[in-house]
Amino acid sequence: LIRNGLCCMKDLNIFPESIFYQSIFPSSVVHPINETTVLEFCIGITQLYACVSVAVSGFTLFYNKGYKALQKQKLKKKKKEKKTTTTTLVSIQEQRYEKDITDCYRNMFIGFLVLCIGIAFFWLFANSLHITQTDWIGGLPGLIHALTIMEMALVPLLYFMISDSIRLIGKAAVMEYLAQILQNCSSKGVIPSEIITDSVLTVLQEDGDDDPFWNGKTQIYDDNDDDAWMADLSKNLELWTEKGDEKSTTTTKLQLQEKATHLATRAVVTRYEAYRELVYFVLNFIAFYGYFLGILTYYNTENEGEESASIRILKLGMTHTDADWTG
């Protein structure tokens, strides 16, 4: 937010007579770095922060929640061939391992994309200090190549924002459906075992907000945690699907009623989380199209009046200069 605000301040030439537009380096500093203003230096600091923080986040997601988690999940799947008392429990365990492995691959891919975006921010940092006016790191073509890499990495991420929004809307509908089922089953104190799947249990057992895709969806457990999870799962299956004595049935009825109310509330929150993902998509698409205009005007060498209709449409009818500035 600070970075974008400072960039808008520069583009709109706000407070042109202030200290922000004075050179921060003495004239003895190598040209053209000595032309860097206080405002451009502040923008450069925020660009460098984005470079480091985004790159580290991408590597962490790729390695810790992707590669390492994937190796551990595959090892656990081979080792965990324990005998269980119910076919449902075996099926749910297999579904959970398969889902975690799929999430690991997804985390590796997303982490790689985020890492690429973070590294590309270095050229934006260099541009703020006028370094791209030299040939030290590729000059202006190097900056354009970095922006192109950012655009290519952002396309799949925009897709994930849309897909996560759709997934959350579907999840909210499942929560509302389960809330109705639990409310109907609360009089009996038992949930039909045929509706119990990994997805249903995940909804029934989870609490809190749904993590955005860039946080990673796979939780790494050690063997003891996994055993505890299986024991808790077995206990809940027995509690929800098997009718006990009168006292335990009364307790289960109350729990089902509370869970139904909780799910109905969580469904509303989850639907707002879906809208949040759509807001992320809109904001990032604006950034995507802005950088795209800069790349388009760089590669488009045709004269203003000789451009094809498709190029004029992509530039929203603006001139090269206006399209680059607006972007």
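Student: Which residues does T297 touch, not counting residues up to four places away in sequence?

Tutor: T297 touches K315, H320, A323 and D324, where contact means heavy atoms within 4.5 Å. The model is predicted, so local features need pLDDT of at least 70 and side-chain atom pairs pLDDT 80 or more, whereas totals for chains, interfaces and linings use all residues. Residues are numbered from 1 along each chain as its sequence is written, and side-chain values use heavy atoms, leaving out hydrogens and water.

Student: Where is T297 placed, and why does T297 count as buried?

Tutor: T297 lies in helix 7, residues 246–299; a helix here is a DSSP run of H or I with at least four residues, numbered from the N terminus. The relative accessibility of T297 is 13%. Buried means under 20%, exposed over 50% and partly exposed in between, with a 1.4 Å probe and protein chains only. T297 therefore counts as buried.

Student: Which backbone oxygen does the side chain of T297 reach?

Tutor: The side chain of T297 reaches the backbone oxygen of G294 at 3.0 Å.

Student: How many aromatic pairs does the structure hold, and what makes the pair of F122 and W123 edge-to-face?

Tutor: The structure holds 12 aromatic pairs. The ring centres of F122 and W123 are 5.8 Å apart and the planes stand at 85°. Rings of Phe, Tyr and Trp (its six-membered ring) pair if their centres lie within 6.5 Å; planes under 30 degrees apart are stacked, over 60 edge-to-face, and the rest tilted. The pair of F122 and W123 is therefore edge-to-face. Another edge-to-face pair is formed by Y272 and Y275, at 5.9 Å centre to centre with 90° between the planes.

Student: How are Y272 and Y275 separated in helix 7?

Tutor: Y272 and Y275 are 3 residues apart in helix 7, so about one helical turn separates them.

Student: Why does Y272 count as exposed, and what is the relative accessible area of Y275?

Tutor: Y272 has 58% relative accessibility and therefore counts as exposed. Y275, with a relative accessible area of 40%, is partly exposed. F122 is partly exposed at 32%, and W123 is partly exposed at 23%.

Student: Which residues do ring pairs link into a cluster?

Tutor: Ring pairs link F281, F285, F288, Y289 and F292 into a cluster.

Student: Where is Y105 found, and why does Y105 count as partly exposed?

Tutor: Y105 is found in helix 3, residues 87–128. Its relative accessibility is 45%, so Y105 counts as partly exposed. The C-alpha atoms of Y105 and K65 are separated by 9.3 Å, although these residues are 40 apart along the chain.

Technical notes. Helix = DSSP H or I, 4+ residues; strand = E, 2+ residues; numbered from the N terminus. Polar contact = N/O pair within 3.5 Å; in protein donor to acceptor, adjacent residues only side chain to side chain.
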